[in-house]
Amino acid sequence: MARQSLFAVAIIVGLLAGSIVAAARCLTAPGDPSSDPAAPEPDSPAAAAADFASAWSQGSISDLYLLLSPASQRTYSFEAVESAYRTFEDQLTVLRTSVRVAEATPAAARLEVRLATAYFGDLEYSTTLPLLPAPGRYLVAWEPAVIHPRLAGGYTFASIIQRTTRGTIYDRNGIPLAVTRDIRHVGLNRSQVTDRPALERVLIEFGFTPEQVRAAFESPLGLNQRVRVGPIPEDRIETANQLLRGYPGVIIYVESQRVHPLGPAAAHVVGYTREYTAEELAARRGQGLRPGDRVGATGLEAALEDRLAGTIGAELRLIAPDGSVAETLISRSFRQGEDVITTLDAPTLQRAYERLQGRAGAAVVIDPATNDLLALVSSPSFDPDAFERGDTAALAGITADPASPLANRATAGLYSAGSTFKLITGAAGMHYLGLQPTDRLECGATWAGVSPPRRNWEGAQGMLTIAEALMRSCNPVFYEIALRLYNGYDDALAAMARAFGFGEPTGLGTLPEEAGLVPDAAWKRRTTGEPWYPGDEVNLGIGQGDLLITPLQLANAYSTFVTGQLRNPRILAEAEVTVRGTLPLTPEQHAHLQRGLELVTGPNGTASAAFALAGYTDFAGKSGTAEDANEQQHVLFVAMSPAREPRAIAAVVLDDGKSGSIEAGPIARDIVLAALRR
């Protein structure tokens with residue numbers, strides 16, 4: 001019984017100790033003087049055991065076999081002994097073996113064995129090495145139990161390994177956004193290439209770029225190793241076979257690869273995978289990971305890594321001579337990679353990407369009824385599958401691009417809100433100052449509430465209600481509201497901004513996002529040592545100054561306005577939406593502000609050209625144009641439809657532009673139209 005429990009005890013030690021043991025006690029190879037203070041006497045039992053331990057540790061079965069007694073060699077051929085050790089290593093998934101002599105007598109030696117395995121962790125056990133005296137030395141009376149005590153009596157080990165397939169990421173309608181597929185590739189064995197110039201020409205003729213071909217030929221891998229040129233499109237497999245197979249050195253092979261069907265349209269939100277680093281593999285030793293295995297790097301691929309990757313299953317069994325399972329020694333449950341359904345809408349993602357046309361900026365689309373995230377696109381974008389296939393030429397171009405295509409502007413880009421913030425200023429004026437839908441404020445050519453006076457961008461517009469001021473985006477009206485708030489309240493405008501969700505992450509949860517900044521008196525005192533001046537509040541009133549928001553926050557803020565509730569956006573279909581706050585607006589106040597957003601897209605609004613005059617009448621929205629510190633302007637637009645009960649809100653920000661209504665407005669409009677078709 002004690003002998004049968006030995007292996008299980010060793011397994012427990014290995015699994016619990018794992019890399020801690022490896023880090024705490026560095027094993028040296030048996031026979032190394034550092035492992036034993038005194039080298040064994042030549043031709044002694046300890047010397048024979050040390051030679052055997054060294055040969056085993058080094059995997060030299062031929063040297064090990066020479067140490068066996070003649071009787072053992074008659075009983076077990078070299079092939080049988082070699083097979084026994086190789087089978088043992090294969091079934092236990094041994095990566096490295098360390099053997100040392102614990103003690104030796106003329107009759108036997110006790111060996112301490114440590115195995116570093118791919119699937120079962122670090123295993124430690126002791127085994128007995130029977131010894132026989134021979135002229136001038138000692139030899140080994142070998143039997144399979146020398147490898148492991150549990151192998152006595154004809155028992156063997158057998159392992160069952162279950163590797164996972166990474167789960168698929170779907171959009172809301174079951175369209176795959178990330179899926180693992182078998183992809184045919186063209187590769188090279190450069191040692192067999194006889195005419196490089198001719199082969200380069202035919203590869204380029206087939207459709208590979210000169211950079212791809214050059215990278216394959218100049219790979220640092222050995223000439224006999226397969227190097228990838230690139231994938232073969234599904235509709236060109238037969239062409240590849242006909243055109244390329246006749247060239248020496250060309251290899252057409254199939255390889256499992258992560259594929260992102262929408263490509264750049266969903267690159268930032270879905271993400272991509274990368275290979276584990278050597279350090280990561282070392283830290284996860286024993287979990288079944290191999291060089292070349294991949295892990296989520298960005299986006300949902302990274303955020304949902306545990307669910308998508310699953311868990312590699314591994315079971316080690318002791319098999320009786322009759323083939324039955326005598327005992328299950330180790331069992332790690334297998335868990336297949338999980339498919340994930342998102343709230344994203346593939347056609348809306350594609351349309352947003354197309355409408356941005358590579359301009360620096362972002363588009364975010366939310367369904368306010370559920371706060372589902374329908375699309376999140378950052379531009380310029382990149383091909384995520386360049387990372388999956390290791391396309392060095394494409395990756396070099398992506399990383400060197402000064403437009404920073406890897407940056408996720410939708411969640412991490414920080415912008416002034418510009419005039420899109422006037423909705424918040426209007427809400428603060430009605431809530432704190434008691435301004436009524438019938439109250440009118442002057443929209444003059446200049447406003448002299450602070451010094452120096454400020455000009456109105458389109459000249460005098462007369463006396464306007466808040467809704468009419470939103471329609472014309474009249475700066476003086478919102479300057480006046482901000483100044484009155486400054487004079488009557490402490491940080492009232494900042495408080496309303498936070499009620500709309502600005503100044504903190506939205507709670508999306510699956511993607512890194514910036515908190516942005518809602519400046520107030522305490523912040524300014526803390527960061528500059530200066531007081532909060534009237535001009536600071538006035539700047540904030542039109543979404544300028546130190547206010548910083550993300551496109552995701554902007555879309556969520558307008559969704560907050562539609563429902564009156566501040567909620568986290570939802571990107572996973574099964575996720576809960578949490579109400580984090582409510583807007584302090586009465587139905588009458590909300591209706592008046594809503595009317596203002598409708599007027600913006602109406603025949604007299606700042607966005608009339610993109611909406612009412614173009615035949616798009618059931619919309620509401622707000623434009624914005626904001627000056628950056630470097631005198632560049634970025635432009636914004638938030639569009640929603642149907643106007644009274646929106647089912648889609650699109651926030652569009654362009655890093656460089658002149659007019660939010662003219663440039664960002666049509667883009668937001670078309671994205672909303674795409675979302676309404678879902």
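**Salt bridges in the predicted model**

Asp670 and Arg669 are both buried, where buried denotes a relative accessible area under 20%, exposed over 50%, and partly exposed in between (1.4 Å probe, protein chains only). The side chains of these two residues, Asp670 and Arg669, form a salt bridge at 2.9 Å, N to O; the term denotes a side-chain nitrogen of Lys or Arg within 4 Å of a carboxyl oxygen of Asp or Glu. Through salt bridges with shared partners, Arg669 and Asp670 belong to one network with Arg351, Glu354 and Arg355.

The structure is a predicted model, in which local features need pLDDT of at least 70 and side-chain atom pairs count only at pLDDT 80 or more, while totals for chains, interfaces and linings use all residues. Residues are numbered from 1 along each chain as its sequence is written, and side-chain values use heavy atoms, with hydrogens and water left out.

By the salt-bridge rule, the count is 40. One of the pairs is Glu468 with Arg440, whose closest N and O atoms lie 2.6 Å apart. This pair links distant parts of the chain, 28 residues apart: Glu468 is in helix H18 (residues 466-472), and Arg440 is in the loop between helix H17 (422-433) and strand E17 (441-443). Helices (H or I, at least four residues) and strands (E, at least two) are DSSP runs, numbered from the N terminus. Glu468 is partly exposed at 22% relative accessibility, and Arg440 is partly exposed at 42%.

A further salt bridge joins the side chains of Glu458 and Arg472 (2.7 Å, N to O). Glu458 lies in the loop between strand E19 (454-455) and strand E20 (462-464) and Arg472 in helix H18, so the pair ties together parts 14 residues apart in sequence. Glu458 is partly exposed at 22% relative accessibility, whereas Arg472 is buried at 18%.
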